[in-house]
Amino acid sequence: MLTYYIKRYPLSLLTVVAIVILSLAPIPEVKMLENVSLADKWTHMIMYAGLSSVIWFEYLRSHAGISAARLLLAAFVCPVVLGGLLELAQAYLTTYRSGEWLDAVADTIGALAGQFVGLAMAHFGRGK
C-alpha cells in the first residue's frame with residue numbers, strides 16, 4: 001500500500017519531507033528579511049499552499065474523477081494537521097524552535113489558498 005502512494009504522490013511526499021525538515025531544523029537569522037513584515041507567516045502560507053497544490057496536481061494526474069471528500073482530507077485536512085503537529089513538535093521537542101499558534105493559522109490559510117489553486121487546475125486542466 002505504501003508503494004501505491006510513493007508511485008502516485010512522489011512530489012507530495014517529497015514536499016512533506018521538505019516541510020518537516022525545514023520546520024524542525026535550526027534556522028539562521030536572515031538580515032535581509034528583518035524588514036519584511038510577518039516574513040515567517042508568509043513562509044508558512046507559501047509552504048502549505050504549495051503542499052496543497054502539489055497534492056491536487058498529483059491527485060488530478062492520477063485519477064479520472066474527483067472525490068471531493070478525498071481531496072478535502074488529503075489536500076486540506078492533512079496539511080492543516082501536519083502544520084499543527086509540527087508546531088507542537090517545535091514547542092516540545094526542540095530547544096531552538098518555538099511553536100506558535102499564528103504559524104498554525106498561517107499554515108491553514110496556505111492550505112486554503114492551495115484549494116483555490118487546485119480547483120483552478122481541475123477546472124482549466126480538464127477543459128471545463
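Author: Let's go through some questions about this chain and its charged side chains. This is a predicted model, where local features need pLDDT of at least 70, side-chain atom pairs count only at pLDDT 80 or more, and totals for chains, interfaces and linings use all residues. Residues are numbered from 1 along each chain as its sequence is written, and side-chain values use heavy atoms, with hydrogens and water left out.

Reader: How do you know how many helices and strands the chain has?

Author: By DSSP runs: a helix is a run of H or I of at least four residues, a strand a run of E of at least two, numbered from the N terminus. Here that gives 5 helices and 0 strands.

Reader: What makes Asp40 and Lys41 a salt bridge?

Author: The rule asks for a side-chain nitrogen of Lys or Arg within 4 Å of a carboxyl oxygen of Asp or Glu. Asp40 and Lys41 have N and O 3.2 Å apart, so the pair passes.

Reader: Why is Lys41 called buried, but Asp40 partly exposed?

Author: Buried means under 20% relative accessible area, exposed over 50%, and partly exposed in between (1.4 Å probe, protein chains only). Lys41 is at 14%, so it's buried. Asp40 is at 34%, so it's partly exposed.

Reader: Which parts does the salt bridge between Glu100 and Lys41 tie together?

Author: The closest N and O atoms of Glu100 and Lys41 are 2.9 Å apart. Glu100 sits in the loop between α4 (68-93) and α5, while Lys41 is in helix α3 (residues 39-62), so this pair ties together parts 59 residues apart in sequence.

Reader: And what about Asp103 and Lys41?

Author: Their side chains meet in a salt bridge too, at 2.7 Å from N to O. That pair links helix α5, where Asp103 lies, to helix α3 with Lys41, 62 residues apart. Asp103 has 3% relative accessibility, so it counts as buried. Put together, Asp40, Lys41, Glu100 and Asp103 form a network of salt bridges.

Reader: How do you know that Asp107 has no salt bridge?

Author: Asp107, which is buried, has Lys41 as its nearest side chain of opposite charge, and that is 8.9 Å away.

Terms used
Lys and Arg count as positive and Asp and Glu as negative; His and the chain ends are not counted.
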